[in-house]
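Take a look at the protein below. This report goes from its overall build to a few single residues.

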Amino acid sequence: MSAGLGLSDEILAALMPVVVYWVYAGMYMVLGSSCDNYRLHSKKDQDEMNLVSRGAVVKGVLFLHIIQVITALLLFVVTGGNDTGASAEQPASFIVIARQLVVAMLIMDTYHYFLHRFIFHNKFLYKYIHARHHRLVVPYTFGAIYSHPLEAFLSDTIGGSLAFVLSGMSPRTSILFFSFATIKNVDDHCGILLPGNPFHIFFRNNTAYHDLHHQLYGGKYNFSQTFFVMWDRILGTHMPYSVEKREEGGFQVRPTKDCKED
């Protein structure tokens, strides 16, 4: 039980990722035009190239968040809290928590890579499932998890459940992990290269890396999500790129080798 809020760790673990999603996305929205010189795409591109309205994206994401909270609470009921690294009398040490977080990151990345690549290359699954996410040719923060409910279940619900169970983390540790993963995912879809952003400094898998995947010429590359790029490098789907200044302001991502169409 979290004494300050009077809510259990399980309830906080289910709710906090939703809260931080909208708070972090909202921060970018508040910054507004002050970010124009750091955008990978202009606002005009965002309006003209995207194939879904902002209103539809908001409704879709809110629906997914409702499902996300319900399934998270069900997961805690089924697993009974999980934590293999601590007991009620002896909380997990920093080393145990750090190990659990790294293991969870690797599990989530591995699962997401192979699922993401499979549903992209399967013509039926791409057309009827994954294409919904790629309606956002120019991604933005609050559209980070916009996707078909079935894809959200396969990717986020199952992927997150595997990371939680196999890492052995407690609901309290999962508050930290899933909140961080949520912020990272939102930032990866922000399309803004703010100077000093730690996600761009410490992670190769960042908004520029993922933006290339959303473009028509780069869809078959850079499948890795959410933290590392190892599977792209190992399996030949890594597309190197350069970030260049646009004459009219902002930046653009350019692949540094030819993108194959097959």
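## Overall build

The protein has 10 helices and two strands. Here helices (H or I, at least four residues) and strands (E, at least two) are DSSP runs, numbered from the N terminus. Along the sequence the pattern reads α-α-α-α-α-α-α-α-α-α-β-β.

This is a predicted model: local features need pLDDT of at least 70, side-chain atom pairs count only at pLDDT 80 or more, and totals for chains, interfaces and linings use all residues. Residues are numbered from 1 along each chain as its sequence is written, and side-chain values use heavy atoms, with hydrogens and water left out.

## Size and surface

The C-alpha atoms fill a box of roughly 60 × 40 × 35 Å, taken along the principal axes.

Of the 262 residues, 48% count as buried. Buried means under 20% relative accessible area, exposed over 50%, and partly exposed in between (1.4 Å probe, protein chains only).

Contact means heavy atoms within 4.5 Å. Take the contacts with a separation of 6 or more: residues 24 or more positions apart account for 68% of them.

## The nonpolar cores

In soluble globular proteins, nonpolar side chains tend to be buried together. A nonpolar core is a set of buried Ala, Val, Leu, Ile, Met, Phe, Trp, Tyr and Cys residues joined through side-chain atoms within 4.5 Å. The largest one here has 37 residues, and V57, F177 and F227 have the most contacts inside it. The largest share, six residues, comes from α1.

What does F227 touch, leaving aside its neighbours within four places in sequence? Its contacts include M105, M108, F177, F180 and F203. Another core lies apart, with eight residues, among them L40, L193, Y221 and F251.

## Helix α9

Helix α9 is mostly covered: eight of its eight residues are buried. They pack against α4, α7, α8 (198-202), α10, β1 (241-245) and β2 (251-255).

A208 lies in α9 (residues 207-214). It counts as buried because its relative accessibility is 3%. Leaving out residues up to four places away in sequence, A208 touches L40, L193, Y241, V243 and V253. A208 and L40 are 168 residues apart in sequence, yet their C-alpha atoms are 7.7 Å apart in space.

Most residues other than glycine have a negative phi, and most peptide bonds are trans. N222 is not a glycine, but it has a positive phi of about 55°. N222 sits in the loop between α9 and α10. With a relative accessible area of 0%, N222 is buried.

Is the peptide bond from Q225 to T226 cis or trans? It is cis, with omega near 10°. T226 is found in the loop between α9 and α10 (230-235).
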